[in-house]
Amino acid sequence: MTVTSSPTPVLRDARVPADGMYEGRRTLHRLPEGTDDLPYELFELVPQGRIIGAEVRGVDLSLPLTPELRKELNRALLEWKVLFFRGQGLSSQQQREFAANWGELETNPLLARGSSAEVVRFEKGGNGAPTFENVWHADVTFRERPALGAVLQLHEVPPVGGDTMWADMAAAYDNLPDTVKARIDGATAVHDFIPGFARFYGPEKLVPMQEQFPPVEHPVVRRHPETGRRMLFVNTSFTTHIVGMDRDESDRLLSFLVRQAHVPEYQVRFRWQAGDIAFWDNRATQHYAVDDYAPHRRVAERVAIAGDRPF
Ligand SMILES: [Fe+2]
């Protein structure tokens, strides 16, 4: 197929159609530039995708991590962006203890809680709550310090469906046309929970939440605090506009940028079984919970690790 869409005034690059989708080879670097691809000593790592997603075998997450194991798991997280651990069946407390190896746990007053304030519980499908995780997003980017990462465990899994997908936002950045990179270099965007959440709550809940979480500005391209990689940091759920750009141009550019998460070459898709754990780097990825399993139920619990201010 030939790309025939005319470039928008924002993009001015004949190679790139307005929706950002084009055929041809993508640059797919799994590791930050200059990083050696070293083996893992303390567990077996089975890649699930070309640049993102790996299953870790031979680790029991119910046990305390040694400093060496924590360090090697962190390297795997940075290099693969999302790690999968099959059949862990952790208690809520074990899940929190594992996540706490990466820092302070976050609370999320917007979502239903599980056994403690640090646990978010998702009960979907059947007659459960409406789903709003089936859009590409990074979690809580409306916070001044969005989550570093999250540990999700599935408790009830539908017979088929209910997969989660993740996209590598460093790869998304790497493949942007130079014209777009130049346009967003140094730009900031506003993130706000209102577009994603307002429809689910009445004013009695929204008003205090707006006081707690006013709109924040983050760089459109953030640098990973541990690897230094540049990553595209805007998403459909929470990014409302690019600062200092007229509304029309901001809308067109954002619409192009958020769609980069849709490119299959940057993605991995995980099929869950009950008791499986996914641990993702929320700084480096976006995710999408596929909503294809009603009337069956899907029950999951998430613990998130507080992050730092994007730069
Ligand atoms: Fe999410």
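This is a predicted model: local features need pLDDT of at least 70, side-chain atom pairs count only at pLDDT 80 or more; totals for chains, interfaces and linings use all residues.
Student: How much space lies in the largest pocket?

Tutor: About 360 Å³.

Student: What lines the largest pocket?

Tutor: The lining has 29 residues. Phe132, Glu133, His137, Asp139 and Arg302 lie nearest the pocket's centre.

Student: Which elements give two or more residues to that lining?

Tutor: Strand 4 (119–125), strand 6 (164–168), strand 14 (285–289) and strand 15 (297–305) do. Helix 5 (194–197) does too.

Student: And how do the lining residues of the largest pocket divide into nonpolar, polar and charged?

Tutor: There are 15 nonpolar, 8 polar and 6 charged residues.

Student: Which residues line the second largest pocket?

Tutor: His29, Leu31, Pro32 and Glu33 are among them. Tyr173, Asp174, Arg229 and Arg230 also line that pocket.

Student: How many of those are charged?

Tutor: The lining has 4 charged residues, along with 3 nonpolar and 1 polar.

Student: Switching topic. Where does Thr107 lie?

Tutor: Thr107 sits in the loop between helix 2 (92–99) and strand 4.

Student: Why does Thr107 count as partly exposed?

Tutor: Its relative accessibility is 37%.

Student: What does Thr107 touch, leaving out residues up to four places away in sequence?

Tutor: Thr107 touches Ala117, Glu118 and Arg143.

Student: What separates the C-alpha atoms of Thr107 and Glu118?

Tutor: A distance of 4.7 Å, though the two residues are 11 residues apart along the chain.

Methods:
Residues are numbered from 1 along each chain as its sequence is written. Side-chain values use heavy atoms; hydrogens and water are left out. On a 1 Å grid over the protein atoms alone, a cavity is a set of points where a 1.4 Å probe fits but cannot get out, and a pocket is an open set with protein on both sides within 12 Å along at least five of seven lines; lining residues have an atom within 4 Å of a point. Grid points are joined across faces, edges and corners, and a volume is the space filled by probe spheres set on the points. Helices (H or I, at least four residues) and strands (E, at least two) are DSSP runs, numbered from the N terminus. Ala, Val, Leu, Ile, Met, Phe, Trp, Tyr, Cys and Pro count as nonpolar, Asp, Glu, Lys and Arg as charged, and the others, Gly among them, as polar. Buried means under 20% relative accessible area, exposed over 50%, partly exposed in between (1.4 Å probe, protein chains only). Contact means heavy atoms within 4.5 Å.
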